Amino acid sequence: MAAATSSSKMLLSDLASTVQSVPSNYIRPIDNRPNLTQVEVSDASAIPLIDLEGLHGPRRSEIIQQIALACQHYGFFQVKNHGVPEAMIDSMLNIARTFFKLPESERLKSYSDDPSKPTRLSTSFNVRTEKVANWRDFLRLHCYPLQDFIHEWPTNPPSFREDVAEYCTSVRGLVLRLLEAISESLGLRKDYIEKTLSKHGQHMALNYYPPCPQPELTYGLPGHTDPNLITILLQDDVPGLQVLRNGRWVAVNPIPNTFIVNIGDQMQVLSNDRYKSVFHRAVVNCDKDRISIPTFYCPSPDAVIFPASELIDNGHPPVYREFRYGEYYEKFWKRGLQTECCLDMFKTSAAISF
Ligand code: OGA
Ligand code: NI
């Protein structure tokens, strides 16, 4: 079972710098490798870039229209003029970089392979259940409400708690603005989505992908959809994110000071399949380590999720049954990152028989 722990160290980063080839427990079967030569290089049109300047002014309806099209056709978009200060973004990336350069013994103070722990450093995806490991270490944090979790966060580097808290709070503001816009783009009341999330939840990952001697054999993260509502991804200047579009993987190259926004599984449910939670993955490279920092905004575990009644009619019967988000989230971590989306397990029997 716990293949990734078969080496003497639990984390990947130090091991990665010593190996000349990928250890066998990281090697994907031949029919499930990244095929890097087949990947399309993104041009400006690969993923819409939406300028949020004026969202609360004269451009609101135009921007909401752009968001509607991006959510329907791509499931992904990038945003600029998003209101999160550049200095905060820089310090967040620096904190992550500094954290993953700390001595392993220091980092291991936060180690746990229990996915139910709100603050933990781990490696791969879920070392308790997966057969093949992924070329990634990550620190996961719950960050809303802050006062419930901040006392568990690392204190090294010394400004960790203060800087990360500021960043989380600012990104939460952006999420709330986007949720209003997305509600309106679906023809729902502006506060509809916000109100379905019960007490709300916000998680974050600091992903660290070390350089890899044979990137064609393994993944940073294999293809998956995000189980939460909406994800706001910050990445450094090293490419690695790829999005599945019309059956092909497209590389999304970083643009400084923009976030990548993607629709998660819960938004697909609320919108009754109008908006799609799209497969994406992270690949690694030989030369450079890479940092990515997704914010996963989610319902709280007790929230009951179901398709909005305004989006159900004779032509659009409900695709999903009602469920608690906690139930969904637990299934997601248990079953691991698979080629099918976890959503299929929550479809109505009528939707399955189509
Ligand atoms: C994730 C994810 C992409 C990346 O953490 O869910 O999709 O580029 N990350 O790290
Ligand atoms: Ni993801």
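Helix α6 itself covers residues 160-185, 26 residues in number, and extends 37 Å from its first C-alpha to its last. This span is close to the expected 38 Å at 1.5 Å a residue, the expected value being 1.5 Å times one less than the number of residues. Helices (H or I, at least four residues) and strands (E, at least two) are DSSP runs numbered from the N terminus.

The structure is a predicted model, in which local features need pLDDT of at least 70 and side-chain atom pairs count only at pLDDT 80 or more, while totals for chains, interfaces and linings use all residues. Residues are numbered from 1 along each chain as its sequence is written, chains are lettered from A and ligands numbered from 1 in the order in which they are written, and side-chain values use heavy atoms, with hydrogens and water left out.

D226, in the loop between β7 (221-224) and β8 (230-235), and H280, in strand β12 (residues 280-282), are 54 residues apart and link distant parts of the chain. D226 and H280 are both buried, that is, under 20% relative accessible area, with exposed meaning over 50% and partly exposed in between (1.4 Å probe, protein chains only).

No disulfides (pairs of cysteine sulfur atoms within 2.5 Å) are found in a search of the whole structure. C298 is in no disulfide, and the nearest cysteine sulfur, that of C143, is 8.9 Å away. C298 counts as buried because its relative accessibility is 2%; C71 is likewise buried, at 0%.
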